[in-house]
Amino acid sequence: MNHEQSRSLYDRALSVLPGGVNSSVRAIRPYPFFIEKGDGGHVIDADGNKYLDFVMGYGPLLLGHDMPEEVQSAVQQRASEGPMYGAPTEVEVELAEFVARHVPSVEMIRFVNSGTEATVSAVRLARGYTGRDKIVVMESGYHGAQESTLVEGEGSETQPSSPGIPDSFAEHTITVPFNDEEAIHDVFDAHGEEIAAVLTEPILGNYGIVHPVEGYHETLRELTDDHGALLIFDEVITGFRVGGLQCAQGKFGVTPDITTFGKIVGGGFPVGAIGGRADIVKEFTPAGEVFQSGTFSGHPVTMAAGLETLRYAAKNDVYDHVNALGEQLRSGLTDIVADQAPEYTVAGTDSMFKILFTREGPDEMTDHCEAGCRQRASCSRHDHCPKRGADVMDGETERWERLFWPAMKEQGIFLTANQYESQFICDAHTAEDIEQALEAYKEAL
Ligand SMILES: *Cc1c(COP(=O)(O)O)cnc(C)c1O
């Protein structure tokens, strides 16, 4: 593969953009390929190389790169009528109604411009509503580039995980390992009356893909209820991907008080949202006292793209299609792993997937999860599959990044460039694409 154009573009980029990129995960080594354009389930780079794309914008592109006619015309019409106004538009109400109709926890919603902005506002809302300061997050959960959740350390012994964040932010943030019932009980025993909210992704999607163990979300729901704290599901990745239009909360049957959205709900344009019980969300200004505002919030082009994308998914068999391909891919990967790398773990559900380069596997493959880890206690892999972010980190992350990713790229398969980020199937992918991907995995593993 020739990468001359990408190389020289990155050379220019390094002079004017820190690290040559506008979001850190894009700085693939030694240099990223620059995208010229998308094409259905593929992308084409600046040198004309074509890749089967499983990055899908890191999650937003449920339908792939080609907007269906309805989405395209709605976007073009909104843009041609003047991109935005600083006054409300009907399409904001329509998208809010759509989300409230389908997502169990959402009675009211505030649209913002990124997932980060959504989680920042959700944390502020929870603190304002409860009058408490502490929040509990999962070790190695990800909630965007925000001060309160960029923490490292365990329990109450947390520090900011980035320079530039005062220690006083981390003082209010407690971490627990995902899936650890005992740890969350201990935290509520010690701090129950000070906790404003527990904030978690329903499935960890930024640190491998880690599925909840049975009963974990129910425990979070009970503990928060018992102590007057709120449960916030960060569904920025899982929203309108896992569980279809009802999102992961519908699939798992656990209803949080507040849900954050991003990614798919904007149909590929910048978006975030905070939805939840009306009495809570009404605390946002101007209805309530918790300040929240944004020049671009509820942007008409984004709202139109999000609404038409979700309507398209509702009217067509989008979720059936992407989830069936997900099953096909994950079960194919499970067979390949059993054969070639029995220590590795296949993870994911619905249209999310990843192979985690765990270091140890079972001696015998009996009764293991067939199409992605479900944390089943009876699974032969159960003792070895990651249950929390730290378990993913203990894997062969260097091998993933330096050997495996480039070997897939050389075969024309574009995966997220590290062991941690989820990969996605879109509506434009086909069963043949999945077969091609499986052949590439066979070569590269
Ligand atoms: C992507 C993501 C965010 C951050 O969203 P941005 O739009 O990148 O700011 C927050 N939470 C989760 C779970 C995410 O996956």
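Good morning. I begin just after helix H7 (216-226), where Gly-228 takes a positive phi of about 65°. Helices here are DSSP runs of H or I with at least four residues, and strands are runs of E with at least two, numbered from the N terminus.

This is a predicted model, in which local features need pLDDT of at least 70, side-chain atom pairs count only at pLDDT 80 or more, and totals for chains, interfaces and linings use all residues. Residues are numbered from 1 along each chain as its sequence is written, and side-chain values use heavy atoms, with hydrogens and water left out.

Let us stay with H7. Its buried residues (under 20% relative accessible area, 1.4 Å probe, protein chains only) are Tyr-216, His-217, Thr-219, Leu-220, Arg-221, Leu-223 and Thr-224. They pack against E5, E8, H6, E9, E10 and H8, where contact means heavy atoms within 4.5 Å.

Which residues touch the most other members of the largest nonpolar core? Among its 36 residues, they are Val-136, Val-176, Ile-184, Val-198 and Tyr-216. Such a core is a set of buried Ala, Val, Leu, Ile, Met, Phe, Trp, Tyr and Cys residues joined through side-chain atoms within 4.5 Å. Helix H6 (181-191) supplies the largest share, 4 residues. The core draws at least three residues from each of domain 1 (4-66 + 318-444) and domain 2 (69-315), with bounds from an automatic or database domain assignment.

Finally, consider Val-198. Not counting residues up to four places away in sequence, its contacts include Leu-220 and Thr-224, both of which are among the buried residues of H7. Val-198 also touches Ile-184 and Val-136.

Conventions
Buried < 20%, exposed > 50% of the residue type's maximum accessible area, 1.4 Å probe, protein only.
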